[in-house]
Amino acid sequence: MATHNVTGATIFVDIAKAYDTVDRDFLFAVMACLGASTGMVNWARLLLSNTCASVQVNGQESAARRTHAGVRQGCPLAPYLYLFVAQALSSWLRAQPTLGVTVAGVRFVSTHLADDTQIHLSDLSTATLTNLTSTLAAFGAASGQTINPAKSKAVLMGRPPAGAPPTTLGPFPVVPGVVSLGIPQPLGTMPDPPPAPARLTRAAAFPRVAHEAPAAPAHVQTTLAARCTGLLAALATVTRLPFSTFGRAFNASAYALSTLLYHAEFTRLPPQLPTLTPAIARAVAPHIPPPLLTGRPREGGFGLLPLREHILARHGALVTRLLPHLLQPPPPPPPPLTTLQRLWRWLVQVLHRLLGSWCPWSVAPAPPPAPPVPQWTVLADSLLRHCFPTVHPAHVLLAAAFASPAAVQQGILDMPDMRQACMLPPGPLTTMLIAMHALGPIAGPDPLRPLLAHAAPAMQELEACHWPSPGPHHGPTLVTHGPVPVRDLTAILNAPAATVRTQRHLAFIRAAHAAPARRDLAPQLGAFRTALRAAWYTPCSNTVKAPLWCLALDALPGARFRPWRCACSAAPPVPSGRLHSHWECPVAQAVRAELTAGLPPNTLYTRAHVWLLDPPSPAVHPAVWRLVCMAAVAAMDHGRRHLWRRPVAEAAGVVAPAPAVSPVQAASTAAASHFWAVLYEFTAGLHPVPAEWTTLPPDGAFVRCLNGGLVVVRAPV
Ligand SMILES: [Zn+2]
């Protein structure tokens, strides 16, 4: 209306008890008039006949009374029936020529939503208003609908009227605006409700902003990238050299990773880590799943350093070095000297100056100074206090274990009930927070947690203090037991790999015993681990040991192909290459024949005796049997490789002359020879003979100690 330069008003009409006061005869007449069929009108008549109502006051229901007007409240048909009444009102209003607003050639008289009625006026003269009042009165008399002027409102619309705006339009008071059907009318004229007093919540005070984790400075990134390139070059060298799997893992850890580790200790985790870790695993042993390459060899691993875990452990170790300084209060100052002591001190100093070394007295030696606090500790302490002024600095570091990973990456502590003053700028402290988060809560169910037991009391006491405010003598007096070794922290972080290894070992023991799934193998696991540990210390070449280590983890080359098949024959594919190649294959059986020949006559042995390094007879020395088992597994693996040599060459397009004997025969001979070759190599290369091996019985199987030297016995005499 304002756009079309029209002045007018809208009357928001309130009909008192609209549904309850409808005159039914009026309703039926309107229905018939608007074209409802006789049948429909009769159905409506039937619906609205014999209506009763009762009222309930304080739980007491009155007697029912007949009602003679209105549609049924709550009846789903009632709104539709009422629309006939609203249509009658609309038509009646439209029949009055002075009512309505004409905008762009269209005349709008009224709008209706059930009993909610708005009447539009452009002529606000007394005659029109009188006409409106009488029109509504006539409608009321006909339909039983009574307009309630006190609850009806008039709102001026469009261009403001010339002169002072009226306060009433006929019986209707003029108001600046109304809320009709939940919408303020006219739009935009109603003042906004006053804002609720703002409650200062943590979220309001410190809105969550998803920051990108800040990048390391450019020079750090450049140096890290150079280190990573150097690491890959060193790995290539390690791969070229003739090492065992253990040797490649050791050399990769010590020679290739060390330079990056030194750098990463003082910076964050290198962003190249996701590509580096698989590259390292490929260089060491491409056929072994990367997590199984880590861990100590005496526990069944291959000794590769878990790069990510180790870097995090170094950062975690920095925390454990920082904590004792943060938790211990500064030493108390020495007591002041009395006047007499000061006088005597001065006197002695004067005499010293006059007499030099002739002076018979000496100043009492000053107490030894307290060991200086490292400068980085002072810096870290002040930075933590600056960023988290309401939290004890030590608690900031420990609390990172409970925060969310995204927050910790940005140096933010996301703790309940903690006001966040600031986040830590990127740097060593942020890397420490990340490390603490990776290590997790200090007191957990993990059996490795006691390694951090010295930090647990600190945590408990700090929690009991309810986030203390730092003061001049802040914080509890705690004694910590110093830093936690990086090795222990690495073990905590690398625990998932250890779990995988344990599961593989259990599956290996189950396969060796052909044990049912529900049998408890925990005791056998302990015995196997003990034997494996002893086997690791056998002074033979690591290339002899590696096949057994791989066999126990089911990580042999080609073992990931399913279904697995052997080159020995056209036998159907077998489910487990491990079982076939290292026990059932004709090539493996050739090695077993050598074992049987070497053992005392009538010694029965099973797969479990060989695979789990368990001596089958008291006549066999355990150390010798461990060597024999490792040699047997290595020989079987040698035979397996020999067997595959020809198919692999043919697949590569190399045509070799046909062998004189069958491939299985040739591989079996090679495997059996390899077994004895390992034993001969061991005895020949051992000078001087270790103490454990000098006690071998002179009549034992396989290896004997004679005249201070070791000899191999191919068959008992
Ligand atoms: Zn086979």
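This is a predicted model: local features need pLDDT of at least 70, side-chain atom pairs count only at pLDDT 80 or more; totals for chains, interfaces and linings use all residues.

A: Two strands are said to pair if DSSP finds at least two bridges between them.

Q: What makes β1 and β10 a pair of strands?
A: Five bridges join β1 (residues 7–13) to β10 (residues 116–121), and the two run antiparallel. Because at least two bridges are required, β1 and β10 count as paired. Phe12 has Gln118 as its bridge partner in β10.

Q: What is the order of the strands in the open sheet, and why are β9 and β12 said to stand at its edges?
A: The four strands follow the order β9-β10-β1-β12, with antiparallel pairing. β9 (110–113) and β12 (153–158) each have a single partner strand, so one side of each is left without a neighbour in the sheet. From one strand to the next, the twist averages 20 degrees. Helix α3 (residues 78–94) packs on the sheet and touches β9 and β10. The direction of α3 makes about 175 degrees with that of β9.

Q: How do you know whether β12 is mostly covered or mostly open?
A: Of the six residues of β12, five are buried, and the strand is mostly covered. A residue is termed buried when 20 or more other C-beta atoms lie within 10 Å of its own.

Q: Why is Thr167 called exposed?
A: Thr167 has 9 C-beta neighbours inside 10 Å, and a residue is exposed if that count is 12 or fewer; Thr167 therefore counts as exposed. Thr167 lies in the loop between β12 and β13 (168–169). Its C-alpha atom is separated by 9.2 Å from that of Ala154, and the two residues are 13 apart along the chain.

Q: What makes a set of residues a nonpolar core, and which residues touch the most other members of the largest one?
A: The members must be buried nonpolar residues joined through C-beta atoms within 7 Å. The largest such core has 123 residues, and those touching the most other members are Ala252, Leu397, Met436, Val591, Ala631, Ala632 and Ala671. Helix α25 (residues 622–651) gives the most to this core, with 13 residues. Beyond its neighbours within four places in sequence, Ala632 is in contact with Val591, Leu595, Val610 and Phe675. Another core, of 37 residues, lies apart from the largest one; among its members are Val13, Ile15, Ile119 and Ala154.

Q: How do you know that the end-to-end distance of α25 agrees with its number of residues?
A: At 1.5 Å a residue, the 30 residues of α25 should span 44 Å, and the end C-alpha atoms are 43 Å apart, so the two values agree.

Q: Where in α25 does a kink lie?
A: A kink of about 35 degrees lies at Arg645, shortly before the proline Pro647. Just after α25, Gly653 takes a positive phi of about 90 degrees.

Terms used: Residues are numbered from 1 along each chain as its sequence is written. Axes are lines fitted to C-alpha atoms, for helices over the stretch in contact, and angles run from 0 to 180 degrees between N-to-C directions. Two residues are in contact if their C-beta atoms, placed from the backbone, lie within 7 Å. The expected span of a helix is 1.5 Å times one less than its number of residues. The bend at a residue is the angle between axes fitted to the seven residues ending there and the seven starting there.
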